[in-house]
Structure formats: structure tokens, C-alpha cells
Amino acid sequence: MRSAAFRSALGGWRLLTVAYFVFIFTVLLAPLVVVIGGSFSAPANDTVIVSYIQFPPERLTLQWYARIPASQLHALGVSFVLGLAVALAASLIGVPAALGLVRGRFRGKTLMSIILKAPLQIPHVVCGIAFLQLYYRFGDATNFYLQGTNLGLFLGHLFLATPFVIGSVSTVLLRFNPRLEEAAQALGAGPWRTLWRVTLPVIAPGIFTGALYAFIVSFVDVPVAVFLASADTTTFPVELFHALEQDFNPSSLASASLAAGFAVLLVMAAQRLVGMETLLHSK
Amino acid sequence: MDRSESIRWGQLLALPLLVSGLLLLGSQFVFLKQSIYIDLPFGKIASDWSFANFRRIATDPFYLRTLWLTTWISAAVAGLCVILGFPIAKTLARLQSRWATLLLSLIVLTSFITTVIQIFGLLILFRGDGLINQMLMGLGLIQQPFTLIGTSAGVVLGLVYASFGFSVMLMYGIVRTIPVSLEEAAAIHGASRLRVFRKVLLPLCLPGLVVGFLTIFNTSMGAFTSAALLGGGRVITLPVLIQRTMLLDVKYGMAAALAALLLAFVVILNLASVMVLRRLRHAQGVMA
């Protein structure tokens with residue numbers, strides 16, 4: 001029996017929840033809104049110093065987008081291609097690793113699992129310095145220097161990203177219904193054909209999720225790339241980081257907005273392809 | 001089923017283990033080895049090994065203070081993310097409406113953009129003549145504009161922005177694994193909302209929340225962006241110190257020793273908490 005007092009208490013609770021949500025989301029999204037809003041804002045006077053950027057904007061302009069420095073556009077391109085390469089390679093390593101870890105029956109599996117997931121335990125800044133020193137050493141020994149090269153960055157990010165693919169594919173594999181494979185084999189499909197035609201399609205959302213996380217790990221990383229990147233191979237977060245360390249210019253707002261816009265597209269694509277539930281569940 | 005016909009799953013591990021193992025051993029071995037050589041000028045290192053770098057870290061209070069600063073900042077960040085984020089995660093996990101998907105997408109979005117962009121926004125919002133200072137001064141709450149730069153509060157804020165979305169995603173997953181029927185059963189038997197939360201949901205989520213806390217603590221211990229941009233050279237955390245020692249002072253041995261300290265500290269804390277967690281789960285098993 002719901003009394004009036006109970007109902008009003010429930011209403012009060014709801015109001016409190018809504019108020020809390022509004023507060024948290026406002027605070028959470030404010031910096032992003034300011035950056036995107038600022039990127040369309042015309043300066044009050046003819047200055048290009050960011051401290052004169054008006055927020056909320058008084059007049060709208062696209063001039064900052066036209067003035068994005070070539071180095072930032074290049075860095076956006078580097079980040080994008082690097083992220084794709086890392087996502088692809090991490091999947092090629094992570095999917096077989098997850099299959100082996102979940103389905104293999106042999107001794108030493110715990111140790112292998114520890115080795116494969118170790119990068120998750122290593123602080124990112126330690127990864128950065130560790131790879132840089134490895135590259136110095138390797139270069140001294142072989143005359144083949146990896147620091148400041150795309151390959152060097154790629155290997156560092158691959159190290160960080162692979163455990164994410166292993167994690168999300170393992171999660172999906174553990175929920176996998178073995179009946180599906182039994183049915184395929186009963187109908188005459190060989191084991192590899194079953195893997196290719198039944199298992200992989202069923203775990204595809206897990207693979208996609210893992211690849212997406214791998215891309216993101218690379219796309220947002222600063223602590224590793226700050227050690228491994230050179231002027232030619234700087235990723236976008238590091239380029240923006242250096243821009244913020246110095247006196248930055250409002251076209252950084254425009255390039256940052258482009259990166260944020262791309263993230264919006266990624267979230268929408270993920271929602272379409274696998275749905276939020278899979279995305280969050282196979283973490 | 002014919003045994004010879006089935007896939008040997010273990011063999012699939014060969015290539016992944018080779019790649020991951022080489023990267024892991026290569027990177028970790030080289031810097032750990034570097035850490036026992038003292039630095040000479042011009043980026044050279046001594047030819048004989050010694051524990052001099054570690055002795056210096058252990059005896060110079062500056063390094064220990066830096067470790068302590070990094071630890072409490074990371075603990076504060078992890079605590080804030082879990083406490084502020086759990087109500088959001090819990091409500092979204094139980095909400096059956098289109099709003100849940102939209103709000104979740106926004107949460108995911110914040111973890112898909114680099115912290116640098118969020119800190120960029122914070123710098124604009126909190127600058128001397130920025131929106132926040134104008135509002136606070138307009139309301140008469142402060143007389144002088146204040147700044148976040150160079151304060152540990154600023155560094156904590158930046159790190160919370162870096163991890164909040166991720167922490168909500170993590171806790172959402174945890175709440176979703178707990179059947180809603182358990183809460184309903186408690187409610188039917190007359191437990192109030194608060195009581196259901198305290199006696200049913202919270203204890204079931206607790207191990208997951210501890211894992212969440214640790215994950216964010218780990219991330220924050222190794223995070224570099226917030227302290228570098230908002231610390232303003234006054235709040236120097238261990239990651240910033242490592243970067244400066246390596247790239248500005250060109251002291252590879254010392255930088256490696258500091259990195260080894262950070263790595264050991266995080267790994268030991270993780271192992272200790274795994275044991276605590278096991279106890280926790282065990283205790284729950286006994287209760288049930």
C-alpha cells in the first residue's frame with residue numbers, strides 16, 4: 001500500500017537523482033562544450049591570443065578552422081593512422097591469444113595469462129621511459145634507431161593496447177554457447193571451418209569492442225607518445241600538449257574540436273555496430 | 001569427436017606470447033638494468049653498477065615526498081571517481097529508457113577524447129577572467145580571481161576528468177552483473193530504498209568497486225598530462241619528475257630508478273590488494 005508520504009518521499013528521491021545527474025553531466029561536459037564553442041567564436045578584437053576568446057561566443061566564425069597549423073593537421077593524421085594500425089595488429093595478436101587462453105587446456109596457462117596482461121599493471125609513464133631506453137639500447141647495438149619513428153610509436157602503443165583486445169574477446173568467449181559449434185561439426189564442418197564460419201562471427205562484437213578500445217588507447221595516449229614521438233611523428237594529443245605548454249593559439253581549439261567530433265562519430269558507430277551493452281560489458 | 005581433428009588451442013598462443021613477451025621483457029629489462037648505473041654528464045652512464053640511485057631516492061626526502069604526493073593524489077582521484085560515479089552507474093544500469101543509452105554514450109564519449117582536450121577546456125573555464133571566476137565574483141563568493149594552476153586541487157580535478165568516464169563504464173558493468181531480482185526481493189519484504197542499497201546492492205558490488213578503485217588508482221599513478229599541465233611546475237608528481245629527469249636533465253639512470261620505484265610500488269600495492277580481495281570474497285562466501 002503506497003501512502004501519500006511514501007509517494008512524496010519517492011518523488012523527492014527522484015528529484016534528487018535528476019538534480020545530481022544534471023550537476024554531474026554539466027560539470028563533466030563543460031570543458032568539451034567550452035572548447036567546441038570557443039572554436040567557433042570570433043575574437044572581440046583583432047587578436048589571436050586565446051585568453052581573448054569569448055565564451056559564450058558573441059559572433060560565430062570558421063576562421064580558426066582555416067588557420068589550423070599544418071603540424072596539427074599532420075598530427076591528427078598520424079594519430080588516426082597509428083590508431084588504426086594498432087587496432088588491427090592488437091586484434092591479430094589478441095584474438096588468437098584469447099582463444100588460446102580461454103580454450104586451451106595445458107600447464108603454465110596462468111603464467112601466460114600474466115605475461116599477456118602485464119601491460120595493464122605497468123604505469124603508462126613507465127612504459128614510455130622503458131620503451132625509449134629499449135630503443136636507445138637497441139639502436140646502439142644494431143644502428144637501427146626506433147626512437148622518434150612511427151614503428152617505435154606503434155610498438156609502444158601495441159604493447160599498451162593488446163590486453164584490451166584479449167580482455168574483451170575472452171569475456172565474449174566465456175559466454176559462448178558451445179552447442180553452436182557442436183551443431184556445425186555435427187553437420188560436417190571441420191574445426192577450422194567451424195572457427196571461421198561460426199565462432200568468429202559470434203564473437204565479432206567482442207573483437208570489434210576490443211579493437212575500438214585498442215584504437216582509443218593509442219588515440220588518447222600522452223605519457224608513452226611524449227617519450228617516443230619526434231617532431232615528424234608527433235601524435236595529436238602530444239602536439240596539443242606542447243601547444244598548451246606554450247602560449248597557444250585559438251586554432252588549437254579548432255583542431256581539438258575536430259578530434260572530439262571524430263570521437264563522437266566513433267561512439268555513434270560503436271552504438272550502431274555493437275550497442276552500448278556489449279561495449280561496456282566486454283570490458 | 002576425433003581428437004586429432006580438433007584445434008590445438010594452446011598453439012594459437014605461440015605468436016602472441018612471442019610478441020608480447022619480447023616487448024615486455026625487452027622494455028622492462030633494459031630500464032631496470034639502467035637503474036643501477038649512476039649518471040655521468042652528457043647522458044653517459046657509469047660503467048660499474050651500484051645501488052647509488054636507489055640509495056639517493058631512499059635518503060633524499062624530496063623523492064619520498066614526491067612518491068607520497070603522487071600516492072595521495074591518486075587515492076583522492078580514485079575515491080572521488082568511485083564515490084561520485086557510482087550513483088550515476090547504478091542509476092543508468094537500472095534505468096529502462098532511451099535516456100540511459102544517450103547518457104551512457106556521453107559518458108563513453110568523455111573517455112574517447114584525450115585528457116589534453118578536457119584540460120584545455122578547464123584552463124579556459126578557470127582562467128582569471130574566465131566563466132567560473134566571473135560567476136564566483138559576481139555572486140560575491142570570492143574577492144580575487146583564483147587559479148587552478150599550480151595547486152594539487154587542480155591536478156586532482158584534471159585527473160578526475162581523465163578517469164571519470166572510464167570509472168562509470170566499469171561500475172556500470174559491475175551493477176549489470178547483479179540480478180535486479182535480488183533488490184526487488186528485498187523491497188517486497190519491506191526494506192526501504194536506502195536499506196536495499198546498503199544491505200543488498202552495496203555489499204554485492206563491493207569487490208567490484210575495490211577493483212575499480214585500484215584500476216583508477218593505477219592509471220592515476222602513471223598519468224602525466226594533468227600534473228604536467230595543471231601542476232604548473234609546482235605540483236610535481238612522480239610521472240612528471242620521471243619525464244623531466246629523462247628528457248630535460250638527461251639522467252637515464254636516475255629516471256630509470258624512479259620508474260622502477262613507481263613500478264614496484266604499484267605492483268606491490270596491487271598484489272596486496274588482490275590478497276585483501278580474496279579475503280573479502282571468501283568472507284562473503286561464508287556469509288552466504
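Two residues are said to be in contact here when heavy atoms of theirs lie within 4.5 Å. The structure is a predicted model, in which local features need pLDDT of at least 70 and side-chain atom pairs count only at pLDDT 80 or more, while totals for chains, interfaces and linings use all residues. Residues are numbered from 1 along each chain as its sequence is written, chains are lettered from A and ligands numbered from 1 in the order in which they are written, and side-chain values use heavy atoms, with hydrogens and water left out.

A:Ala130 belongs to helix α5 of chain A; helices (H or I, at least four residues) and strands (E, at least two) are DSSP runs, numbered from the N terminus. With a relative accessibility of 0%, A:Ala130 counts as buried. Buried stands for under 20% relative accessible area, exposed for over 50%, and partly exposed for values in between (1.4 Å probe, protein chains only). Between the C-alpha atoms of A:Ala130 and A:Leu82, 48 residues apart along the chain, the separation is 20 Å.

Stepping back to the whole of chain A, the count is 12 helices and zero strands. Of its 283 residues, 52% are buried. Among chain A contacts that link residues at least 6 apart in sequence, 71% join residues at least 24 apart. Chain A exposes about 13200 Å², and carbon and sulfur atoms supply 66% of that area, as computed by the Shrake-Rupley method with a 1.4 Å probe (for residues, only the protein chains shown count as cover).

The two chains also meet through a pair of helices. Helix α5 of chain B, residues 115–125, is largely enclosed by the rest of the structure, because 11 of its 11 residues are buried. Its partner is helix α10 of chain A, residues 236–245, and the two pack at an angle of about 25 degrees with their axes 9 Å apart. Axes are lines fitted to C-alpha atoms, for helices over the stretch in contact, and angles run from 0 to 180 degrees between N-to-C directions. The helices α10(A) and α5(B) are therefore roughly parallel to each other, a term for angles under 35 degrees. On the α10(A) side, A:Phe236, A:Pro237, A:Leu240, A:Phe241 and A:Leu244 meet B:Val116, B:Ile117, B:Phe120 and B:Leu123 of α5(B). The residues of this contact divide into nine nonpolar, no polar and no charged, where Ala, Val, Leu, Ile, Met, Phe, Trp, Tyr, Cys and Pro count as nonpolar, Asp, Glu, Lys and Arg as charged, and the others, Gly among them, as polar.

Some backbone details are worth a look as well. Most residues other than glycine have a negative phi. A:Asn143, although not a glycine, has a positive phi of about 65 degrees. A:Asn143 sits in the loop between α5 (124–142) and α6 (150–174) of chain A and is exposed, at 65% relative accessibility. In chain B, B:Val250 has a positive phi of about 50 degrees. B:Val250 lies in the loop between α11 (238–248) and α12 (252–287) and is partly exposed, with a relative accessible area of 29%.

Finally, A:Pro201 is found in helix α8 of chain A, residues 191–220. At 46% relative accessibility, A:Pro201 is partly exposed. Neighbours within four places in sequence aside, A:Pro201 is in contact with A:Leu195 and A:Trp196.

Note on methods: Angles under 35 degrees count as roughly parallel, over 145 as roughly antiparallel, 65 to 115 as roughly perpendicular and the rest as oblique.
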